[in-house]
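Colleague: Could we go through this model together? I would like to start with the overall fold and then turn to the side chains.

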Amino acid sequence: MFSCVHWFQPFLALLSSTLLTWGYNCPSSCLCPDHHTVDCTGQGLTRLPDSIPLDVRRLLLSNNWIPWIPSDFLVLYSDLVYLDLRNNSLTRLEPGTLSTSSRLVYLDLGSNNFTEIPSGTFGESRSLIKLRLGNNPYLNMVSKDAFAGLTSLRELELERNALSGLDVEVLSQLPSLRVIRLEGNPWLCNCNFAKLFLWLLENRHKLPTGLDGMECSLPGDGRQVSLSVLSEDSFRECRGLLTLTDYLIVIFSGICISVAAIIASFFLASTIHCFQRLKSKRTDEEEAED
C-alpha cells in the first residue's frame, strides 16, 4: 500500500502542474487578458518566461532583451498562431525552431540583430501568412532558400535592413506573395541587381511604396537614384555578362565535349585498326590460295 501511495504522489504533482500550465497560469510580470493570450510586452525580459500556458494562441514578447530561443521552444505550443518577438536582441533562429509550428500565421522578428537568414530557417511553416523581418540594421544576407516551403506567405517585410542585393529566387518561390517591403536598404544597382529589378518591374503592384519608395546606389559615383527613373535598358550592359554559374556551366560543357571527342576518337581509331587488320588477313589468305 505504501509503495502505491509513494508512486501516486509524483503522478498527482505532475498532473496538477500540467493543469496549472494548461491555460490557468499566467507567467509572472505578464498579462493574460484571456486564456489564449499571454502579453509580456516591455517587461525587460532577458529570457523566455516560465509557465507559459500550453494552449496559448497569441504570445506577445516584444520590447524586451531576449537574445535567443531554444530550438524546442514551440514543440509544446501547437495552438500558437501569433508570435511577436519584435525589438529584442535575437541574432539568429536555431535550426528547426519553427519546424513544429504548424498553425503559426503571424511572426514578427523585426527590430532585432539578425545578420543573416540562412536556408531552412523557417522549416516550411506552411501556415505562415505574414513575416516581419524589417529594421534589422545588420541583416545583409538572405540565402536563396531562406523562405523555402512558405507556400501560404502573403506578406513579407524586409525593409530598412542592410541588404545591398537579393537573389530573385528568394521571392519567386513564394507563390502566394501579395505584399513585399524592400525600401530603405542600401541597394547597389550593379549587374547582380538586374534580375531583381526586372522582378520588381513586373511585380510593382506588390510594393506598398511602389518603385518611387526604393533607391539604389550607382556603381560609379555612388549616387542614389530612385528605381522609378530606371528601366530595363539601364542594365543593358549586363546582358552580355556571364555569372559565376554561367562560367561553370561553360567550363563543364567544354570538359564534357572534350571527353566525348576523346572517346569517339578512340573508338574510331580502334574500328579503323580492326578493319585494317581484317583486310590484311584477307589479302594474306588470297595470296596463299594463289
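Colleague: In what order do the eight strands of the open sheet run?

Modeller: This is a predicted model. In it, the order of the open sheet is S1-S2-S3-S4-S5-S7-S9-S10, with mixed pairing.

Colleague: Which strands stand at the edges?

Modeller: Those are S1 and strand S10 (179-181). Each has a single partner strand, so one side of each is left without a neighbour in the sheet. From one strand to the next, the twist averages 5°.

Colleague: Do S5 and S7 run parallel or antiparallel?

Modeller: Strand S5 (residues 106-108) and strand S7 (residues 130-132) run parallel, and three bridges join them. Within this pairing, Asp-108 is opposite Arg-132 in S7.

Colleague: Changing topic to the cysteines: how many disulfides does the structure hold?

Modeller: There are four disulfides. Counting bonded cysteines along the chain, the pattern is 1-3, 2-4, 5-7, 6-8.

Colleague: Let us take Cys-30 and Cys-40. How far apart are their sulfur atoms?

Modeller: The sulfur atoms of Cys-30 and Cys-40 are 2.1 Å apart. The link between them is right-handed, with 110° about the S-S bond.

Colleague: Which parts does that pair tie together?

Modeller: Cys-30 belongs to the loop between helix H1 (2-21) and strand S1 (31-34), whereas Cys-40 belongs to the loop between strand S2 (37-39) and strand S3 (58-60). The pair therefore ties together parts that are ten residues apart in sequence.

Colleague: Are those two cysteines buried or exposed?

Modeller: Cys-30 is buried at a relative accessible area of 9%, and Cys-40 is buried at 0%.

Colleague: What is the handedness of the disulfide of Cys-189 and Cys-216?

Modeller: The torsion about its S-S bond is about -85°, so this disulfide is left-handed. The sulfur atoms of Cys-189 and Cys-216 are 1.7 Å apart. The pair links distant parts of the chain, 27 residues apart: Cys-189 is in the loop between S11 and H3, and Cys-216 is in strand S12 (residues 215-217). Both Cys-189 and Cys-216 are buried.

Colleague: And what about the link of Cys-191 and Cys-238?

Modeller: That link is left-handed, with -80° about the S-S bond. Its sulfur atoms are 2.1 Å apart. Cys-191 lies in the loop between S11 and H3 and Cys-238 in the loop between S13 and H4, 47 residues apart.

Colleague: On to the aromatics. How many pairs does a search of the whole structure find?

Modeller: The search finds six aromatic pairs. One of them is Phe-193 with Phe-235, whose ring centres are 6.4 Å apart and whose planes are at 40°, so the pair is tilted. This pair also links distant parts of the chain: Phe-193 is in the loop between strand S11 (187-188) and helix H3 (194-202), and Phe-235 is in the loop between strand S13 (224-226) and helix H4 (244-289).

Colleague: Which residues form the aromatic cluster?

Modeller: Trp-187, Phe-193, Phe-197 and Phe-235 form one cluster.

Colleague: Finally, what sits over the ring of Tyr-82?

Modeller: The charged end of Arg-58 does, 4.7 Å from the ring centre.

Note on methods
Residues numbered from 1 in each chain as written. Predicted model: local features only at pLDDT ≥ 70, side-chain atom pairs only at ≥ 80, totals over all residues. Heavy atoms only, no water. Phe/Tyr/Trp six-rings, centres within 6.5 Å; stacked < 30°, edge-to-face > 60°. Helix = DSSP H or I, 4+ residues; strand = E, 2+ residues; numbered from the N terminus. Lys NZ or Arg CZ within 6 Å of the ring centre and 35° of its normal. Disulfide = S-S within 2.5 Å. Buried < 20%, exposed > 50% of the residue type's maximum accessible area, 1.4 Å probe, protein only. Pairing = 2+ DSSP bridges. Axes fitted to C-alpha atoms, helices over the stretch in contact; angles between N-to-C directions.
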